[in-house]
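Student: I am new to this structure. Could we go through it together?
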Amino acid sequence: MGSKPGPVQIVTVSKENHSFALDTEALARVLLAPEVRDKNVVVVSVAGAFRKGKSFLLDFMLRYMYRKDDENWLGGDDEPLTGFSWRGGSEPETTGIQLWSEVFPIQKSDGTEVAVVLMDTQGAFDNQSTVKDCATIFALSTMTSSIQLYNLSQNIQEDDLQQLQLFTEYGRLAMDEIYQKPFQSLMFLIRDWSFPYEYNYGFRGGQDFLDKRLQVNETQHKELQTVRDHIHSCFSNISCFLLPHPGLKVATSPVFKGQLNSVAPEFKEQLNSLIPKLLHPDRLSEKETNGNKVTCRGLLEFFKAYIKIYQGEDLPQPKTMLMATAEANNLAAVAAAKDQYTKNMERVCGGDLPYVAPDSLEEKHHFYFREALHNFSKTKKMGGQEFCNRYQAELEKELEIMWQSLSKHNGAKNLFSAFRTPAVLFVLVCLLYVLSGVLLFVGLSTFALVCDCSLGVVMMSMLTWAFIRYSGRYRTVGGAIDQAAGVVLDQATVVLNKSRGTGLVDLKKTR
């Protein structure tokens with residue numbers, strides 16, 4: 001990421017064919033930063049209709065995150081509001097899904113540290129987006145966030161609830177399979193609230209208003225009951241905040257840049273109440289899936305798994321969403337197990353550490369191999385045992401590949417291994433030279449000539465091997481020479497061991 005933080009586009013929408021693409025590299029740059037990648041993640045997302053001030057609100061959240069220790073975090077009266085791109089007018093501004101490039105580490109009162117990610121989403125129901133586009137963006141942000149703000153204007157109308165029902169239908173159907181509420185926290189944020197004499201601004205008035213709006217009773221039509229039951233069944237926690245209108249200058253001035261001197265005092269007062277409470281360390285709920293907390297590294301896997309099911313022509317079926325969630329869950333467990341094995345083995349033979357005896361290294365490998373599999377097995381995963389077994393088998397295969405690589409890397413540190421081939425060839429040259437001289441001396445010139453020819457072949461092999469090592473070319477030929485030298489060394493070792501054994505037997509007989 002660059003030195004200056006800013007919005008990062010992670011999901012793009014093609015207006016021509018209404019398809020979605022995930023920028024994995026951009027997302028990895030945000031979530032895999034060394035200081036946050038292994039921390040539990042809190043994702044705060046704002047979604048809703050277009051041109052309702054979502055980015056405007058997120059920029060005040062950004063201002064708070066950077067100035068939370070300052071009582072006057074809202075800033076000066078004439079200070080422009082910066083962060084996620086926003087502007088006045090009737091045309092949409094944000095497209096797809098964006099994350100703020102900087103992830104905020106926050107320490108809770110119990111000492112645990114979480115990583116807070118702020119997410120901005122494309123406004124729904126503009127004149128270029130299909131229902132599928134809107135549903136996909138909302139569903140993606142809800143599935144990957146731990147706190148979803150549903151940004152509405154003036155009131156909670158029945159069509160708002162019906163649209164929310166459409167977006168959460170995936171979660172409701174998947175919940176029938178996993179027996180848990182699929183989404184976490186939903187906050188209805190009612191902007192431009194005009195009835196403070198009925199329900200006061202803020203959380204308390206919002207909760208009273210929400211309880212009445214989502215109330216289910218026998219006198220309601222079955223369709224109305226179903227909508228409310230769906231919403232209750234999909235979210236673990238539902239709340240509401242009533243926010244006043246920011247003022248006519250904000251709504252009508254074409255030159256408004258977020259200066260507080262143009263914002264109504266009531267709005268600033270309620271903003272000063274909403275954001276510190278919403279982003280209070282002890283109110284931040286970490287992203288969870290099936291009871292397991294998700295790290296930044298795991299969130300990357302969830303994004304990759306979820307985007308696949310939205311890249312088709314049809315909206316995802318409940319089983320597809322469940323399987324995608326299970327896949328991401330298992331991939332995250334596999335990644336954690338591999339990371340654990342890699343770190344443990346690197347402490348034994350990685351980097352600049354000296355050569356380790358093969359037997360000792362293999363013993364360590366078996367121990368950490370079992371430990372990684374145990375770590376994978378004890379992680380709560382979705383999809384059933386048979387589904388998880390496939391990923392365990394894949395994990396075992398990948399760990400074996402990693403072991404082979406580490407073993408070769410360790411072997412390369414052995415000085416004798418590095419010079420084995422030239423040493424064997426040099427000894428052969430010396431032996432053949434001496435043998436040729438002896439044979440010539442006793443008059444066996446034909447055999448001496450054979451030794452000389454063999455000596456020439458061995459010397460050519462040595463020169464060829466040196467050239468291959470220097471140039472890096474003809475590696476297949478170099479491998480064949482190494483293999484031949486190894487065979488010669490093995491045979492010579494066998495012969496020496498046999499002669500040594502025979503000598504010991506004869507010595508015992510003489511005694």
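Student: What share of the 511 residues counts as buried?
Tutor: Of the 511 residues in the protein chain, 44% are buried, where buried means under 20% relative accessible area, exposed over 50% and partly exposed in between, with a 1.4 Å probe and protein chains only. This is a predicted model, in which local features need pLDDT of at least 70 and side-chain atom pairs count only at pLDDT 80 or more, while totals for chains, interfaces and linings use all residues. Residues are numbered from 1 along each chain as its sequence is written, and side-chain values use heavy atoms, leaving out hydrogens and water.
Student: How many helices and strands are there?
Tutor: The protein chain has 16 helices and 11 strands. These are DSSP runs numbered from the N terminus, with helices (H or I) of at least four residues and strands (E) of at least two.
Student: And how do α2 and α8 cross?
Tutor: The axes of α2 and helix α8 (residues 265-278) come within 10 Å and cross at roughly 65 degrees. Axes are lines fitted to C-alpha atoms, for helices over the stretch in contact, and angles run from 0 to 180 degrees between N-to-C directions.
Student: Where is Arg63, then?
Tutor: Arg63 lies in helix α2 (residues 54-67).
Student: Is Arg63 buried or exposed?
Tutor: Arg63 counts as buried, at 7% relative accessibility. Leaving aside residues up to four places away in sequence, Arg63 touches Trp73, Leu74, Gly75, Glu79, Pro80, Leu81 and Leu260.
Student: Changing topic, how do α11 and α12 cross?
Tutor: Helix α11 (residues 358-378) and helix α12 (residues 384-412) have axes that come within 11 Å and cross at roughly 155 degrees. The two helices are therefore roughly antiparallel to each other, a term for angles over 145 degrees.
Student: What classes of residue make that contact?
Tutor: The contact of α11 with α12 divides into 10 nonpolar, 5 polar and 3 charged residues.
Student: Lastly, how many disulfides does the structure hold?
Tutor: The structure holds 0 disulfides, a disulfide being a pair of cysteine sulfur atoms within 2.5 Å. As for the cysteines, Cys234 is buried, with a relative accessible area of 0%, whereas Cys430 is partly exposed at 33%.

Note on methods. Parallel < 35°, antiparallel > 145°, perpendicular 65-115°, else oblique. Nonpolar A, V, L, I, M, F, W, Y, C, P; charged D, E, K, R; others polar. Contact = heavy atoms within 4.5 Å.
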